Amino acid sequence: MSNNSGSDILVTITDLSFSRGEHKIFDGLTMEIPRKGITAIMGPSGTGKTTLLKLIGGQLTPDAGLIEVDGLNVHQLSSVELFKLRKRMGMLFQSGALLTDLTVFENVAYPLREHTRLSQPMIHELVLMKLNAVGLRGAAQLMPAELSGGMARRVAMARAIALDPMMIMYDEPFTGQDPISMGVLVRLIGELNSALDVCSIVVSHDVPETLSIADYIYLISDGKVVDKGTPEAMSKSQSAWTRQFIEALPDGPVPFHYPAPPLMDDLYQMKGLE
Amino acid sequence: MFALLQKLGHFIITFFQRLGRGHVFLLQVFASCGSLLVRPGLLVKQMYSVGVQTLIIVVVAGLFVGMVLALQSYYALVDFGAEDSVGVMVALSLVRELGPVVTALLFAGRAGSALTAEIGLMKATEQLSGMEMMAVNPLQRVIAPRFLAGVISMPMLGIIFCAVGIIGAYFVAVILLGLDYGSFWSQAQAKVDLYHDIYNGILKSFVFGVIASWIAVFEGYDCIPTSEGLGQATTRTVVHSSLAVLFLDFVLTAIMFSK
Amino acid sequence: MNTRKVEITVGLFAAGAIAAFFMLAMSVSNMSSYNDDKGYVVSADFDNIGGLKVRSRVSASGVVVGRVTDIEYNSNSYEAVVKMKIDSKYNKFPTDTAASVLTSGLLGEQYIGLDPGAEDQYLKQGDTIELTQSAIVLEQIIGQFLYGKSSDDKKTK
């Protein structure tokens, strides 16, 4: 664990710009994520929420701007330092990203075996404890292919917390889950956060679930932060963006139509082609 | 007109970009191979899926290639009363050319495509990304063992192919066609040189092993992680490694056996 | 355990490759000299052995009785020294047996033909066959033929 915990801010993002080819994903994004509690980053699909997590994890390099995690500029670290930083980050991918050729047990044991010199019985004990925390101790000997999507995510959670990280990033943890496993995941994220007392970053577009657990919310759209605040503040926010997103209105600042010339023009053109 | 030029330019630029990426990748893989000393188990596991699982097809193919070679050379040589040379003809063709080349082609089709698909799928399911986020270098844990297993397995498969091919030829020539077993071996022994032919054949196999494994792991690592991209990458692995092997075979033959 | 199975098969694979390599090295390439214990070695000097090779046949009346085991060039006598191992069951070749380098077919491989003589003594281990006839070299025969035919005595050597 780090010692320079003078500030309450763990992750600072300043003026971040990132583009894929011609398409600008972030354009002057600025946000601060506190050291404790659950911070949710919400926004419509395609706003690059996953990309943001990869930028924080140092897997992508921004075009401009600064990302600091625990006082370290992520993109100026040597690969050794970056790996050292990543050991203190846990990340939960949308698919779980379990290693398909290893059992559930071995998947959770993987970071321990890679980064520690713990004895076999010690690892065994730790892994079972982590699996117990997500309620899947009984599934230890299953292969990832035998798990449901929600179970795979819970195993990935156990793996993400294996090294007792200072922060856990969740990439769309609720997407495509049935109500039961959604509820399980919501409860788990909240419980893990309070039990481990870490920084949790949840990227999601599932409004009610996220609002129920987040301590602070950033709403991003078009590469910028369009609104931020606590869940209560967000619910009352007058911002058109927030209203559209939280109340799931089909049209608003995010238009229903993909940019196109007026309909009549298109129809007319089709006629001209005949 | 300009569109055509642009297409050509685009093709050339992307080609060289890929070539550059591929070479940087190869250097990184070489650098990562050292970490296998700590975890030899990973290499053994890959030797199994890359080498052992290709063995069956190599043995069967070798047997039949040897038998066909013996049969065909017998028909060609018997008119000149030189059917005793079947042994040397089969042995030289196998050791110098067919052994390394056919093994490499089979390897590209069997092991290479599987490697590409496996690595590509790991990329598509974010397993490689996940490893990176766990502060584990996938080059060391995923790519290097597969690459090295391919490089080591190829010469071994090549030698086995040659040996089985010669046994197949012996079966056809001596047991079925009734040639003298002594002249079968003696002609081969007289003309096949341990250094000039067999070692060079193994060297060829080794070079093909590097090329085929490199292409296979690179295509997987560099693929577009969609079902379509994965399919294209697998196809490219087979096509590119086959072409590279045939081209390099020509170059190597010209260098090795020019005298 | 599964790892065990994997390791064993990989070990077998490696052993197979090594065995294959030795098979290629020993019995296909020129690494080995063919040695069969049963038999006795005799040698014969030839002016020219043509395309005779180690492990070529040694036959008498068309029956294979042995193999050529070694071919050397003696720089004192300017002759090729051919050692051949003859099967021990054919141990009654008289000492004045003649050895000649023959060709099977027009372009076939060359072998040694033994022509038994009339002596009472038989060849044994280490003996030398005195009567030898060299290989017929096609170019020389054609040369002689042309030489004999031509009316003027142009010398083409």
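Analyst: Two strands count as paired when DSSP finds at least two bridges between them. The model discussed here is predicted.

User: In the hairpin of E2(C) and E3(C), which residue takes a positive phi?
Analyst: Strand E2 of chain C covers residues 57-60, and strand E3 of chain C covers residues 63-74. The two run antiparallel and are joined by four bridges. Two residues lie between the strands of this hairpin, and the one with a positive phi, near 50°, is Ser61(C).

User: Which residue in E3(C) is the bridge partner of Arg57(C)?
Analyst: Arg57(C) belongs to E2(C), where it points the same way as Ser59(C) and is buried. Its bridge partner in E3(C) is Arg67(C).

User: Which residues of E2(C) point the other way from Arg57(C) and Ser59(C)?
Analyst: In a regular strand, side chains alternate between the two faces of the sheet. In E2(C), Arg57(C) and Ser59(C) take one direction, and the buried residues pointing the other way are Val58(C) and Ala60(C).

User: Which residue in E6(C) is the bridge partner of Ala60(C)?
Analyst: E2(C) is also joined to strand E6 (residues 110-115) of chain C, by three bridges, and these strands run parallel. In E6(C), the partner of Ala60(C) is Leu114(C).

Note on methods:
Residues are numbered from 1 along each chain as its sequence is written. Chains are lettered from A and ligands numbered from 1 in the order in which they are written. This is a predicted model: local features need pLDDT of at least 70, side-chain atom pairs count only at pLDDT 80 or more; totals for chains, interfaces and linings use all residues. Side-chain values use heavy atoms; hydrogens and water are left out. Buried means under 20% relative accessible area, exposed over 50%, partly exposed in between (1.4 Å probe, protein chains only).
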